Amino acid sequence: MNTDQDNFKNQYINISDIDIYVDYHNKRLKILSHSLLSELIIKEIVDYAKKENLGKIIVNCHKHQINIFEECGFVAEGVIDGFFQGEDATCMSLFLDKRRENSLYEEKENRIIDYCVKNTNRFELTKNKNYTMRQAVPDDIPQMIQLFQAVFETYPTPIFSREYLQKVMRDHVLFMVAEEERKIISIASADLDKQHMNAEITDCATYPKYQGRNIVSELIFQLETHLKHNGFATVYSLSRANNLGINRSLSKLGYMYRGRLINNCNICGGFEDMNIWIKSLN
């Protein structure tokens with residue numbers, strides 16, 4: 001399995017005027033721009049991914065582009081409603097490594113979704129809580145890394161790196177933290193896509209001792225409030241499909257299940273499936 005050092009090999013490249021993110025840590029390639037795509041260019045991208053020994057190619061595409069990806073062997077794994085400033089995105093994937101094509105935990109993951117969808121209890125703000133919540137600042141980064149390392153053996157992005165957290169906090173990621181007795185006990189973030197006015201809820205982590213107290217739900221609620229205030233239309237999350245807690249938190253907050261990305265991320269020591277949850281903020 002990949003090491004955290006692979007994150008630092010990741011790079012943005014351009015193939016025939018198409019923007020690409022090469023993600024060695026997750027052994028996948030993401031197509032970022034697709035207005036000029038043709039079957040010939042997709043084949044060129046596939047050949048590059050094979051040469052780099054990557055196992056999966058992913059793209060969030062417009063509805064009218066689904067056919068060209070299907071003709072190249074891609075399959076639809078889900079939908080993010082309103083991703084492109086109100087227009088839906090279809091999550092298309094091509095599995096170059098056939099071992100990543102099928103979920104090892106489909107039955108358990110389906111039971112989790114079934115429970116979340118059928119359970120109608122909704123999120124309520126916690127009264128008389130012992131912790132406070134606020135936006136993270138750069139001085140929090142050492143405590144944030146300590147918490148991430150306690151929760152995740154591996155992670156799809158370099159959240160164990162001080163330099164990485166400094167950069168994304170400055171550029172495009174809003175972190176909220178919960179603090180009790182001056183100790184950060186829980187984190188959630190919103191990765192902001194200002195071009196398309198959507199945001200991904202991610203980096204949710206709570207020390208095991210403090211889990212089960214609704215803290216992540218409260219942090220996500222605070223992030224949503226900020227996003228609404230700043231005009232974002234859509235929020236979504238890719239949650240670990242075999243983790244009941246985060247899936248339940250999202251369903252209680254009114255998120256809608258919209259598909260599953262199979263063996264999508266290197267997290268907690270191996271490839272895992274990620275559930276797609278979306279919510280309109282309009």
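A polar contact here is a pair of N or O atoms within 3.5 Å, where, within protein, one must be able to donate a hydrogen and the other to accept it. I start there because the term is needed for Ser189, whose side chain makes such a contact with the side chain of Asp203, at 2.8 Å. Please keep in mind that this is a predicted model.

Staying with Ser189: the residue sits in strand E9, which covers residues 183-193. Is Ser189 buried or exposed? Its relative accessibility is 0%, so Ser189 counts as buried. Setting aside neighbours within four places in sequence, Ser189 touches Val173, Leu174 and Phe175, then Glu200, Ile201, Thr202 and Asp203, and also Leu223.

Next, a helix pair. Two packed helices are described by the angle between their axes and the distance between the axes. For helix H4, residues 141-151, and helix H5, residues 162-171, the axes come within 10 Å and cross at roughly 115 degrees. The crossing of H4 past H5 is right-handed. On the H4 side the contact is made by Ile141, Pro142, Met144, Ile145 and Phe148; H5 contributes Arg162, Leu165, Gln166 and Met169. Sorted by class, that contact has seven nonpolar residues, one polar and one charged.

Now the aromatics. How many aromatic pairs does the structure hold? There are eight. One of them joins Tyr12 and Tyr21, with 4.6 Å from centre to centre and 40 degrees between the planes, a tilted pair. Tyr12 counts as exposed, at 62% relative accessibility, while Tyr21, at 23%, counts as partly exposed. Another pair is Phe83 with Phe84: the ring centres are 5.0 Å apart and the planes stand at 85 degrees, so this pair is edge-to-face. Both Phe83 and Phe84 are buried. Together with Tyr236, these two phenylalanines form one aromatic cluster.

Last, Phe95, in strand E6, which spans residues 87-95. Its relative accessible area is 6%, under the 20% limit, so Phe95 is buried. Which residues is Phe95 in contact with, leaving aside neighbours within four places in sequence? They are Gly55, Lys56, Val75, Glu77, Arg100, Glu101 and Ile262. As for spacing, Phe95 and Gly73 are 22 residues apart in sequence, and their C-alpha atoms are 8.6 Å apart in space.

That is the end of my list.

Terms used. Residues are numbered from 1 along each chain as its sequence is written. This is a predicted model: local features need pLDDT of at least 70, side-chain atom pairs count only at pLDDT 80 or more; totals for chains, interfaces and linings use all residues. Side-chain values use heavy atoms; hydrogens and water are left out. Helices (H or I, at least four residues) and strands (E, at least two) are DSSP runs, numbered from the N terminus. Buried means under 20% relative accessible area, exposed over 50%, partly exposed in between (1.4 Å probe, protein chains only). Contact means heavy atoms within 4.5 Å. Axes are lines fitted to C-alpha atoms, for helices over the stretch in contact, and angles run from 0 to 180 degrees between N-to-C directions. A crossing is left-handed if the near helix is turned anticlockwise from the far one by less than a right angle, and right-handed if clockwise. Ala, Val, Leu, Ile, Met, Phe, Trp, Tyr, Cys and Pro count as nonpolar, Asp, Glu, Lys and Arg as charged, and the others, Gly among them, as polar. Rings of Phe, Tyr and Trp (its six-membered ring) pair if their centres lie within 6.5 Å; planes under 30 degrees apart count as stacked, over 60 as edge-to-face and the rest as tilted.
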